[in-house]
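Subject: Structure for you to look at

Dear colleague,

Here is the structure I said I would pass on. Please open it first; my notes follow below.

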Amino acid sequence: LKEDRNLARIIYDSVKKLPRFSALVNDFRNRDVASVLLNTDFPGFALRGYGARMDFPKDTYHKTPLHQDYIAQLCSPRGIVFWSPLRKMSRSLGPIVLYPGSHKAGIYPVKKGEKNDNYLKIKDSKLIESKYQSFSPELELGDMIILDYLMLHKSSLNTSDKTRWSFLFRYFDFNEPIGKSYGWRGGDLEGNSFEEFHKDYVIPK
């Protein structure tokens, strides 16, 4: 799997379709937590917004830059992410970098990458990062982070000799008006783009 990312992708996408795997994230207690935190009586499960993440040692190509989950996931800007490590999150494994309070500013403008890179990146990311105090929790197995869809965060480099594994899933609010306006459609993995619904937030190349 380390040598063939395409093979890893096939296995990963297949495993996500297994009923026993999807059952890991469909516990009613998760829904109840989402209802309370989103202050809604109608939480939705982001259909393609769950699974495991593998970050190989020293891999910089797939290191995720500063972003908001909503930009890639859609469904509704009022959503939350449940994130847990599947291995003790030491400093060398490269813990997630969070920017608490950044979600209060709403949706941030994004720009397209250079040349063939269509990944949407936060505009003026370095300047924005300087406005917030970052937080990189070193988590134990069984710990969980729950963050707002709009909270800025990014990956840090895995400098160890082990693969960093984590597990995540997402809920959103069906009652939120922006999500309602486009029928709660999912993001990149469902063939929809952030730009399609939020042109005013996208700066051309």
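To start with a detail: which residue in β9 is the bridge partner of P43? The partner in β9 is D173.

Before the rest, some conventions. This is a predicted model, in which local features need pLDDT of at least 70 and side-chain atom pairs count only at pLDDT 80 or more, while totals for chains, interfaces and linings use all residues. Residues are numbered from 1 along each chain as its sequence is written, and side-chain values use heavy atoms, with hydrogens and water left out.

The chain as a whole

The protein chain has seven helices and ten strands (DSSP runs numbered from the N terminus: helices are H or I with at least four residues, strands are E with at least two). Its radius of gyration is 17 Å, close to the 17 Å that the globule rule gives for 205 residues, so the chain is as compact as a globular protein of that length. That radius is taken over C-alpha atoms, and the rule is 2.2 Å times the number of residues to the power 0.38. Along the principal axes, the C-alpha atoms fill a box of roughly 45 × 40 × 35 Å.

Of the 205 residues, 44% are buried (under 20% relative accessible area, with exposed over 50% and partly exposed in between; 1.4 Å probe, protein chains only). The chain exposes about 11700 Å², and carbon and sulfur atoms supply 55% of that area (Shrake-Rupley method, 1.4 Å probe; for residues, only the protein chains shown count as cover). Among contacts (heavy atoms within 4.5 Å) between residues at least 6 apart in sequence, 85% join residues at least 24 apart.

Strands around β9

Strand β9 covers residues 164-173, and nine of its ten residues are buried. Pairing here needs at least two DSSP bridges between two strands. Strand β1 (residues 43-45) runs antiparallel to β9 and is joined to it by three bridges. Strand β2 (residues 51-55) is also antiparallel to β9, with five bridges; G51 of this strand stands opposite L168. Between β3 and β9 there are seven bridges, again in the antiparallel sense. In that pairing I80 stands opposite Y171, and G79 has F172 as its bridge partner.

Strand β3

Strand β3 spans residues 79-85, and seven of its seven residues are buried. In a regular strand the side chains alternate between the two faces of the sheet. Both faces of β3 are covered, with G79, V81, W83 and P85 on one side and I80, F82 and S84 on the other. W83 has I145 in β7 as its bridge partner.

The sheet β6-β5-β10

Three strands form an open sheet in the order β6-β5-β10, with mixed pairing. β6 (120-122) and β10 (202-203) stand at the edges with a single partner strand each, so one side of each has no neighbour in the sheet. Strand β5 (residues 110-112) pairs with β10 in the parallel sense over two bridges, and K111 has I203 in β10 as its bridge partner.

Regards
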